[in-house]
Amino acid sequence: MPPPPDLADAAIPHGQTARRLEWPLLPPYLRRAIEERLGSPVVDAHSAGAGYTPGFASTLTVRDGQRQFVKAASVRAQRPFADAYRIEIRRLRELADTGVRLPVPRLLWAHEDGSWVVLGLEYVEGGNPARPWRRDELDQCLDTLEVLAEAVTPSPLSVPSFAEDVADMLPCWEHVRAVAPEWPHLDEAVALAARIADATRGETLVHTDARDDNFLLAASGPVLCDWNWTTQGAAWIDTVCLLIAAHGDGVDADEIVASRRLTCDVPPDDIDTVLSLLAGYFLERRDQPAPNSSPYLRVHQSWYAEATWGWLAKRRGWS
């Protein structure tokens, strides 16, 4: 395992990490089908620069000026992403069926034809939070997570538990043991991660991927996007996951943990369990070859490995 990069030197071009399909590259028949859904020809397509997946994801503007955010993936060439979009369609429909108004983009339509999976979402005026994190924007996103947690407890959807969903991350520490056997506090980290089922038990619908690039700062408040990784677990999980990047950006994450309603009463070992599990996962992932479709993915995961381990070590008093 190579020496970890200094956080300050991690060159992640936030907002410009994605290598996506562009509108002209979609098959003509699919462009026609999308325009039929939009009700007018597309005159402008602005691809989303954030994220680490290659699926088509663009704000489409039609002739009368109306806009929608459209995502698409090829079933044959991008099967994992097509499957993820299919899950997102199902989850957004299920959330809409609850009748509860959530800070989540509305699904307007969906299209599946055996070759492509497409979903049309309401356009949300607003960009991603700035990085490094600004405290005012971070607080807004944390407020949104509190609103969501209250609205989706108990979970209105039938989804796997958080512990079940991340079970395949547990062996990642064995990769670290194999390539870096002198990693400090390795046995303690492994023991912490093994507590994941008990530490994260709960009844809340968990987004599981609450990062800056999945928030849009609308005038009415932040909106949380990309609902294809939902699980059920403790109400504080998304808050802790969001704070990993805040810690890496120099924010006092522990002060926030102590002051926030979702985290202030959580046993410290439970939070450390999630951090240990994720640290092992990111340490293992950063050693894998970078996919051509996402050239910044391993840089992103290496940065998160250092941010997660650094926060965990600070909390545990590890050198």
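Predicted model: local features only at pLDDT ≥ 70, side-chain atom pairs only at ≥ 80, totals over all residues.
Apart from neighbours within four places in sequence, the contacts of glutamate 146 are Arg260, Arg261 and Leu262.

## The salt bridge between aspartate 143 and arginine 260

Aspartate 143 pairs with arginine 260 in a salt bridge, and their closest N and O atoms are 2.7 Å apart. The two residues belong to distant parts of the chain, 117 residues apart: aspartate 143 is in helix H3 (residues 135-151), while arginine 260 is in the loop between helix H9 (253-259) and helix H10 (268-285). Salt bridges with shared partners extend this into one network made of Arg135, Asp139, Asp143, Glu146, Glu255, Arg260 and Arg261.

The partners fall into separate accessibility classes. Aspartate 143 is partly exposed, at 38% relative accessibility, whereas arginine 260 is buried, with a relative accessible area of 11%.

## Packing of H3 on H8

Helix H3 also packs against helix H8 (residues 237-248); the two axes come within 10 Å and cross at roughly 165°. H3 is therefore roughly antiparallel to H8, since angles over 145 degrees are classed that way. The crossing of the two helices, H3 and H8, is right-handed.

On the H3 side, the contact consists of Leu138, Cys141, Leu142 and Leu145, and on the H8 side of Asp238, Thr239, Leu242, Leu243 and Ala246. Sorted by class, the contact of H3 with H8 has seven nonpolar residues, one polar and one charged.

## Packing of H5 on H6

In H5, the residues in contact are Trp173, Val176 and Arg177; in H6, they are Leu186, Asp187, Ala189, Val190 and Ala193. The contact of H5 with H6 has six nonpolar and two charged residues, and no polar ones.

## Other salt bridges

In total, the structure holds 30 salt bridges. One of them joins the side chains of aspartate 226 and lysine 71, at 2.9 Å from N to O. Aspartate 226 sits in the loop between strand E8 (221-224) and strand E9 (231-233), and lysine 71 in strand E3 (residues 67-74), so this pair ties together parts that are 155 residues apart in sequence. Lysine 71 is buried at 4% relative accessibility, while aspartate 226 is partly exposed, with a relative accessible area of 25%.

Another salt bridge is formed by arginine 86 with aspartate 83, where the closest N and O atoms are 2.9 Å apart. Both residues are in helix H2 (residues 79-97); because they are three residues apart there, about one helical turn separates them.

Conventions
Residues numbered from 1 in each chain as written. Heavy atoms only, no water. Contact = heavy atoms within 4.5 Å. Helix = DSSP H or I, 4+ residues; strand = E, 2+ residues; numbered from the N terminus. Nonpolar A, V, L, I, M, F, W, Y, C, P; charged D, E, K, R; others polar. Salt bridge = Lys/Arg side-chain N within 4 Å of Asp/Glu carboxyl O. Buried < 20%, exposed > 50% of the residue type's maximum accessible area, 1.4 Å probe, protein only. Axes fitted to C-alpha atoms, helices over the stretch in contact; angles between N-to-C directions. Parallel < 35°, antiparallel > 145°, perpendicular 65-115°, else oblique. Left-handed = near helix turned anticlockwise from the far one by under 90°.
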